[in-house]
Each structure stands twice: as structure tokens, then as C-alpha cells.
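Here are my notes on the fold, jotted down while going through the model. Have it open alongside as you read.

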Amino acid sequence: MTPEPTQMDLVFKALADSTRRLLLDRLRETNGQTLSELCERLGMARQSATQHLDILQRASLVTVVRRGRERLHYLNPVPIHEIEQRWIAAFDRPRLQMLAAIKNEAEEQAMSTTTIPAYVYVTYIRASAEQVWQALTDADLTARYWGHANVSDWQPGSPWEHRRTDGSDAADVVGEVLATEPPKRLVITFEDSPEEVGRRDPSVVTFLLEPHQDIVRLTVTHENLPNQDMYRGIAHGWPAVLANLKSLLETGDVLPQSPWDVPA
């Protein structure tokens, strides 16, 4: 009997096709595209693009976020990172990181005048949607897995603050609640430089909770990022925070060390 394909089998099957790799390249250049935008950029029929995107979705290489009537497609690099973790030996990492740093600096210089892409992260949590919602909005719970207490009444139009738990109550991040649909969707502005409030358009974070039997798919979308520095910061921060949240809900405790302290 043929064994069921593993998730990694699906990833390699998806990456084996040059058209699907081209779709991922286009999403890397401009994340959050509709099907029509992808078809227009690639000169591809909608039916063909849909079939390729379905394969990429099953491999978790592409995540779809609904925005009204639109379906926005985002590149999810997590499966590729897992391949890297499995086959790149520890003694190869310094050399590869040096080469990657040279490549990244050259690309960043080329991208310096382009729009910063949205950041999307997807994780699956063994919990109910109500439990995940509470973890996102309860000040005591956020203090446990985030190191800051997220304080608000979570009503549309209300302020929220990301307060330190060292007794100072200083807010390192502030924002406004834009939309709340418990326990499915929460949208907030996110200003990590409170002194800049009012001087620029804030970035926006959307938490989308999709329950399936005993698990919840949590999709975090962070948009309207002002610069590459903030993109790099949240690309390091969100996976760490959400890993701690996942650990707390699934085991009753956070990770043994603060995950955001792990070097990027």
C-alpha cells in the first residue's frame, strides 16, 4: 500500500514545477496579490493559475487571506525554512550566512525605493477559537507569553497599549482597535514608536482565527510597514511571540527560554 505523502513530500512536489516557482518569485516581489494580479503578471489563464496555487496551498507555501470579496495570496516561507533546518549542517551555516548577507544587502539596496511588502505568518494551535481569542486579548495572558500586557476593552475605536510588566506600565507599542469579531477576527493599528503617532500612517495587524475540529489556524497579517528595519523586526518577533502563545495554550506553560532572545 502506498504511504500517505508527508508535508515535506508536498513541498518538494510543489517546488518541482518551474511555473509554481515563478508564482512564488512573484509573491516574494509583491506579497498579497489577487488571482487576477498574478495572472496578469504571468500571462497565465485563471484556471491554470488556480491549479498551481492549490498545490502551493496544500504544501503550505502559499497562504490565502480573504479581504472582503478578494482572496489575497501570500508567500509562506516556513516549509522552506524547515528544509533548510533539516539538511544544512551546523558547520555550513557561517559560510552560507555570509553569502546570504552579501546577497541580502545587494537586494535591499535595490529595494530601497520600493514598497515594503506585508508580512504574513500562519500557525496551527491545538485549542478552541475562544481560547486563542482570550490569549490575544487578556492582559494577564499576553503578559505571560509576550512579556508585555496588551491592555484595551477591545471595542472598535478604542485605544490599546502594549505595556511593560516591570512595574513602570510604560507602553512600548500603542494603537487603535479597528475591528473586532470575537472569536474570529481582530484588526488593530500597531505603532512601535509612540512618539511617531500622528506623523505617519500606522501599520495594521490582522489576527484571523479559523477553527477546524480540535485546532485553530491563526493567520497574522502585518501591513503598511514603514521601512525595512521594522519588517526585519517583526519578521523575527512574530514567530517568537506566536510560538510562545502556542506553547502556553497547548502545554499550560510558555517556552523555557524567551524565543525572541534567540539571535535572528
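1. A word on terms before the sheet: two strands count as paired if DSSP finds at least two bridges between them. Keep in mind, too, that this is a predicted model.

2. On that basis there is an open sheet of seven strands, with antiparallel pairing and the order β3-β9-β8-β7-β6-β5-β4. At its edges sit β3 (119–125) and β4 (148–151), each pairing on one side only. From one strand to the next, the twist averages 20 degrees.

3. Have a look at the β8/β9 pair. Strand β8 (residues 203–212) runs antiparallel to strand β9 (residues 215–223), and nine bridges join them.

4. Helix α8 (residues 139–146), for its part, lies across β4 and β5 (159–164), and runs at about 150 degrees to β4.

5. Now the helix pair. Helix α2 (residues 18–29) packs against helix α3 (residues 35–42) at an angle of about 110 degrees, and their axes are 11 Å apart. Since 65 to 115 degrees counts as roughly perpendicular, that is what α2 is to α3. The crossing of α2 past α3 is right-handed.

6. Who makes that contact? From α2 come Leu22, Leu23, Arg26, Leu27 and Glu29, and from α3 come Leu38, Arg41 and Leu42. Sorted by class, the contact of α2 with α3 has five nonpolar and three charged residues, and no polar ones.

Methods. Residues numbered from 1 in each chain as written. Predicted model: local features only at pLDDT ≥ 70, side-chain atom pairs only at ≥ 80, totals over all residues. Heavy atoms only, no water. Helix = DSSP H or I, 4+ residues; strand = E, 2+ residues; numbered from the N terminus. Axes fitted to C-alpha atoms, helices over the stretch in contact; angles between N-to-C directions. Contact = heavy atoms within 4.5 Å. Parallel < 35°, antiparallel > 145°, perpendicular 65-115°, else oblique. Left-handed = near helix turned anticlockwise from the far one by under 90°. Nonpolar A, V, L, I, M, F, W, Y, C, P; charged D, E, K, R; others polar.
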